[in-house]
Amino acid sequence: MMILAFPDYLSQAQHLAARLYAPLAEVTVHHFPDSESLIRLPPSLPEHVIVCRSLNQPNDKLIELLLCATTARELGAKRLTLVAPYLSYMRQDIANHPGEAVSQRIIGKMLAGLFDDVITVDPHLHRISSLDQAIPIKNAISLTAADEIGRFLKQTLDYAVLLGPDSESEQWVANIANKIGFDYAIAHKDRLGDKQVKITLPDYDYRNKPVVIIDDVASTGRTLAQAAKLLQAAGSKDIYAVVTHALFCNDAEAHILKAGIKAIWSTDSIDHPTSCIKLDTLLADAIKAII
Ligand code: R5P
């Protein structure tokens with residue numbers, strides 16, 4: 001077995017390789033002036049290759065994954081496992097307007113054609129209940145960072161109310177709250193546009209209480225910022241945020257901090273200054289379970 005790491009996921013892959021006592025090689029990626037990518041792999045590969053890369057900013061990365069997986073097969077890999085802690089294109093699971101691409105199904109099918117196993121963490125599955133409905137292979141494995149996040153919160157705070165900013169977040173927030181014995185509440189969210197959300201807080205006495213807003217993804221940061229503003233108005237003491245995937249597009253982080261959030265924490269599914277919650281043990285255990 002060998003871990004093949006793309007440069008943007010190298011340090012996390014090194015931790016994973018150390019946990020698995022597996023050799024690691026880096027995929028060399030060259031970008032030509034016209035934006036085409038050239039991929040180079042070690043010319044000799046073992047039978048089982050584990051390709052590691054999170055799929056944030058996905059468009060180039062998906063093409064590079066196609067080049068990588070196809071080349072790995074040509075070089076003799078019999079079993080290809082993708083470890084993509086952040087899996088993009090999972091949110092568009094229906095055509096909201098006639099003619100729209102159902103990206104989840106299309107990208108899922110592409111990954112199923114390239115890999116024997118796909119392992120990810122807290123994918124945004126809304127209307128489907130299991131990852132293999134999006135990626136039709138036997139080992140489409142959806143892990144959750146709930147234990148890692150719960151442990152981190154328990155070590156960091158004596159007590160806090162956990163707030164899920166929308167109904168979809170309840171699956172993660174309830175799980176974490178139940179594990180560490182904190183209270184939780186779930187807000188209602190209407191998305192009005194890419195950078196516009198309307199949140200309604202549930203009835204709860206937030207006065208003088210620390211609150212941690214928990215979500216799977218922070219993209220524009222508008223969800224976290226809007227929730228924080230409402231919590232401040234409701235008298236919360238300190239407001240924090242934890243996300244599994246720190247996408248933080250453009251001004252997202254500044255926007256969140258300006259809204260009064262004292263600290264943001266995330267997992268290392270994506271390399272970011274907030275990524276203090278490590279996923280290597282979770283991922284290594286999942287790989288051990290399928291080999
Ligand atoms: C969607 O419903 C997700 O769970 C997140 O709440 C959402 O992606 C966050 O997006 P943004 O940071 O752009 O508000």
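**Entry one: two helices**

I looked up helix H4 (residues 146-156) and helix H5 (residues 170-180): they pack at about 50°, with axes 9 Å apart. H4 is therefore oblique to H5 (under 35 degrees would be roughly parallel, over 145 roughly antiparallel, 65 to 115 roughly perpendicular, and the rest is oblique). I noted that the H4 and H5 crossing is right-handed (the near helix is turned clockwise from the far one by less than a right angle).

I then listed who meets whom, with contact as heavy atoms within 4.5 Å. From H4 come Ala146, Asp147, Ile149, Gly150, Leu153 and Lys154; from H5 come Asn175, Ile176, Lys179 and Ile180. I sorted these contact residues of H4 and H5 into 5 nonpolar, 2 polar and 3 charged.

Source note: this is a predicted model, where local features need pLDDT of at least 70, side-chain atom pairs need 80 or more, and totals for chains, interfaces and linings use all residues. Residues are numbered from 1 along each chain as its sequence is written, and side-chain values use heavy atoms, without hydrogens and water.

**Entry two: aromatic rings**

I searched the whole structure and got 4 aromatic pairs (ring centres within 6.5 Å; planes under 30 degrees apart are stacked, over 60 edge-to-face, the rest tilted). Phe152 and Trp265 are edge-to-face, 5.1 Å centre to centre with 70° between planes. Phe152 sits in H4 and Trp265 in strand E15 (residues 263-267), 113 residues apart. Both Phe152 and Trp265 are buried (under 20% relative accessible area, 1.4 Å probe, protein chains only).

Tyr240 and Trp265 are stacked, at 5.2 Å and 15°. I wrote down that Phe152, Tyr240 and Trp265 form one aromatic cluster.

Note on methods
Axes are lines fitted to C-alpha atoms, for helices over the stretch in contact, and angles run from 0 to 180 degrees between N-to-C directions. Helices (H or I, at least four residues) and strands (E, at least two) are DSSP runs, numbered from the N terminus. Ala, Val, Leu, Ile, Met, Phe, Trp, Tyr, Cys and Pro count as nonpolar, Asp, Glu, Lys and Arg as charged, and the others, Gly among them, as polar. Rings of Phe, Tyr and Trp (its six-membered ring) pair if their centres lie within 6.5 Å; planes under 30 degrees apart count as stacked, over 60 as edge-to-face and the rest as tilted. Buried means under 20% relative accessible area, exposed over 50%, partly exposed in between (1.4 Å probe, protein chains only).
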